Amino acid sequence: MKAQLLVMSTPDGPFTILAQDGVVLASGWTAEPGELTGQIHPELRPDDVEAVTGLGPISRAVEAFYAGDPAPAMAVPVRQKSGPFRSHAWDVLRTVRPGSPVTYTEYAELSGNPKAVRAAASACAFNAAALFVPCHRVIRTDGSLGGFRWGLPIKESLLAREATESLLAREAG
């Protein structure tokens, strides 16, 4: 199976997307595709990759996010594979509102198992489709950022960007 590879320039540095047939397999703030492929489930990992200059609605969603509209990224199809809890938890992440991060405890509750805080954190850690499955919207109970595969400065930037846009939207509405 062949996939498309796009490296985009963003205010947070290079953002690379690996997609197949309009569906994101992996993405993150790196210029190195090898940093993405290891996160893809072996059954979904492409045999071949071709570099492209655009991915239509996928790349437009990234541009929209950085222009202040995070909604289109949540509409981009994503394909990840794992067990039932983690798969469901990834879907739940896409419902967390920008500008309103949740704690790992709240995320476990939203995912249907309040006692599964470690499993919820693991869903964040193994999320291959950063931005499109917004694991950056989960923080520690004490308000600190917790971890982020792409580095805490990027997580902080994403959260600050979403908080500003959320505030502007509330003031306009």
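The accessible surface of the chain comes to about 8400 Å², and 54% of that area belongs to carbon and sulfur atoms. The structure is a predicted model. Its chain has seven helices and six strands, and a four-stranded open sheet is part of the fold. The largest nonpolar core has 47 residues.

**Overall dimensions and burial**

- A compact globule of 173 residues would have a radius of gyration near 16 Å; the chain has 15 Å and therefore agrees with that expectation.
- Along the principal axes, the C-alpha atoms fill a box of roughly 45 × 40 × 25 Å.
- Of the 173 residues in the chain, 45% are buried.
- Among contacts between residues at least 6 apart in sequence, 58% join residues at least 24 apart.

**Order of elements**

- Read from the N terminus, the elements follow the pattern β-β-β-α-β-α-α-α-β-α-α-β-α.

**The four-stranded sheet**

- The strand order of the open sheet is E3-E2-E1-E4, and the pairing is mixed.
- E3 and strand E4 (48-51) are the edge strands, each of which pairs on one side only.
- On average, and with direction ignored, neighbouring strands of this sheet are turned by 30 degrees against each other.
- Strands of a sheet pair through backbone hydrogen bonds, in either the parallel or the antiparallel sense.
- E1 and E2 run antiparallel and are joined by seven bridges; they form a hairpin with two residues between them.
- Within this pair, Leu6 stands opposite Ile17 in E2, while Val7 has Thr16 of E2 as its bridge partner.
- E1 and E4, by contrast, pair in the parallel sense over four bridges, and Leu5 stands opposite Ala51 in E4.

**Helix H2 on the sheet**

- H2 packs on the sheet and touches E1, E2 and E3.
- The direction of H2 makes about 20 degrees with that of E1.

**The largest nonpolar core**

- Within this core of 47 residues, those with the most contacts are Ile17, Trp29, Ile58, Val62, Leu93, Tyr107 and Phe132.
- Two or more core residues come from each of strand E1 (2-10), strand E2 (13-20), strand E3 (23-28), helix H2 (57-66), H4, H5, H6 and helix H7 (152-172).
- H2 gives the largest share of this core, with five residues.

**Surroundings of Phe132**

- Residues up to four places away in sequence being left out, Phe132 touches Phe15, Ile17, Val24, Ser27, Ile58, Ala61, Val62, Ala73, Met74, Val76, Val78 and Arg94.

- In helix H6 (residues 117-125), the buried residues are Ala120, Ser122, Ala123 and Cys124.
- An α-helix has 3.6 residues a turn, so residues three or four places apart point the same way.
- The buried residues of H6 pack against helix H4 (84-93), helix H5 (104-110) and strand E6 (138-139).

Notes. Residues numbered from 1 in each chain as written. Predicted model: local features only at pLDDT ≥ 70, side-chain atom pairs only at ≥ 80, totals over all residues. Heavy atoms only, no water. Buried < 20%, exposed > 50% of the residue type's maximum accessible area, 1.4 Å probe, protein only. Contact = heavy atoms within 4.5 Å. Core = buried A, V, L, I, M, F, W, Y, C linked by side-chain atoms within 4.5 Å. Pairing = 2+ DSSP bridges. Axes fitted to C-alpha atoms, helices over the stretch in contact; angles between N-to-C directions. Rg over C-alpha atoms; globule rule 2.2 N^0.38 Å. Areas by Shrake-Rupley, 256 points an atom, 1.4 Å probe, with all protein chains shown as cover.
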